[in-house]
Amino acid sequence: MGTAANAQGQSIAQAGALEGLRVLDIATFIAAPFCGTILGDLGAEVIKIEMPGAGDSLRKYGTPTECGDTLVWLSEARNKKTITLDFRKPEGVELFKKLVAESDVVLENFRPGTLEKWGIGYEALKAVNPTLIMLRISAYGQTGPKRQEPGFARIAHAFGGLSYLSGEPDGQPVVPGSTSVADYASGMWGAIGVLAALRARDRKGIGQFIDLGLYESVFRLLDEMVPAYAKFGYVRERMGADTHAAVPHSHYQTGSGEWVALACTSDKMWERFTRLMGKPELAEKYPTSAIRVENRHTVNGIVADWIGSLPLDKVLEEASKGEVPCAQIYSIKDIFSDEHYAARGNMMTVQDERAGELVLPAPVLKLSETPTVFKHVGRALGADNDTVYRDVLGLTQEQLRSFADAGVI
C-alpha cells in the first residue's frame, strides 16, 4: 500500500464521488485503461485484469524502475487492484462472467471481434449483467471498412488530421507534443461516455456499450476545420507556432534566451498589448484580427523585436501589468520549480513499497465535497488475486490454487 501527499504535505482523502462503483479493466496500454485511471481517481473500485505471466505491455513501456515496472505503469495503473486471468481458457471465461455479474463497468480496447472470439463480447456479457456498461475503444471503432486494422496513438494522430497540422510550414509533419495524445484523449472521452451511460442507467435501468475509435478522439478537437472545408474548401496547413485566426498568437524568444507564448485573441487584447509596447498607434494601423492576419509577418516581426529586446522577467512583468496573456514555455524542470503548480497541488509525492518515493501527476479534478482518491501506485502482476477472487467471488484457497496450477489465473 502506498501513501501520498500533495505539494502542501496534505494526505489525499480516501473517499470519492464514484465510491461503490466496480470497474473491470481488461484493456491494454493507455487508452481505455486511462479511463479506468480517471474513474479510480474519482473513487471507483477498479480491478485491472491481465493475462497470467506477461501482463499488460504498459508494464514495460517507458522508463524502467528497480521494481521491474516502468514509471508509466506505476503512475497510470494507480489505485487499481491487479489480478490475472486467461480469457482463452473456458474456466477463465466463466470466472470473468462471474466477475461481470458483480460489476458495473468493463473497459476494453482489443481489436473488434477479439472478445467475441473468446466468448465475452458485449452480448454475451449483457446476458450475465443486463445493466452492464462497456467501453470499447479500438483504432478505428467497431464499424467501418478499417475496423479490423491495428493502430496506436501515432496512427490516430495521422488518420485523425492532427499530425498534418503539426510542424513548420512546408516542413515534415511532427509528433503533436506527445506520442500518446490520442490515448489520453480517448481515455477522457471514454470516461465521459461511461459517466453518461451510468446516468442513463440510473434513470432508465439500462446498460449499453460505448464505441470509440482512437482517431475520433483527436478528430473532434480540430475546431472549425470540418465546416471550413465543407463550406469553403479551406485546407489548413502547418503554421508552426502560429494559429490561423489570430495575430499575434505565437511563440517568441526573449532577450535572455527563453521562449514565451503570447495570445492576443481579440482586438481589445491587441490594443492593450500595443500600449504596453509603447506603440499605441499600432492599434489604429492594425485594428482588426482580419487585418492583422493579412499582415501576419509584419505584426509578428514587431512583437518579436519587442519581446526580444527584454529579458524574460521583464516581459512577464509587463504582460501581467498590461493584462495580456503571456507565459514562459516550460520544460518539466521549470514545472517542478513553479510556485503555482505547488500551490495547486498538481503533483503528489508518494511512497511505495516496491519503487520507493515517486512524484506523480495529481488527479486533475478538484471536487469540493467528494475529493479524489489515492490508494497506491500501479501494483505487481496478480497482486490482488487472493483478495479479489475471495472477496468478490467467494473462492477458497484450494480453488485459487487449482486455477493457478492450471494457468487460468
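Which helix holds the place of L400? L400 sits in helix α18 (residues 397-405); helices here are DSSP runs of H or I with at least four residues, numbered from the N terminus.

This is a predicted model, where local features need pLDDT of at least 70, side-chain atom pairs count only at pLDDT 80 or more, and totals for chains, interfaces and linings use all residues. Residues are numbered from 1 along each chain as its sequence is written, and side-chain values use heavy atoms, leaving out hydrogens and water.

L400 has a relative accessible area of 5%, so it is buried (under 20%; exposed is over 50%, partly exposed in between; 1.4 Å probe, protein chains only).

Touching means heavy atoms within 4.5 Å. The table leaves out residues up to four places away in sequence.

| Residue | Touches |
|---|---|
| L400 | N385, D386, Y389, L395 and I409 |
| V23 | L39, A44, E45, V46, I47, V105 and L107 |

Now the cores. A nonpolar core is a set of buried Ala, Val, Leu, Ile, Met, Phe, Trp, Tyr and Cys residues joined through side-chain atoms within 4.5 Å. The largest has 50 residues. V23, V105, L107, L135 and V194 have the most contacts inside it. Helix α1 (residues 31-41) gives the most to this core, with six residues. Apart from it lies another core of 30 residues, with L400 among them. In soluble globular proteins, nonpolar side chains tend to be buried together.

Definitions and conventions:
Helix = DSSP H or I, 4+ residues; strand = E, 2+ residues; numbered from the N terminus.
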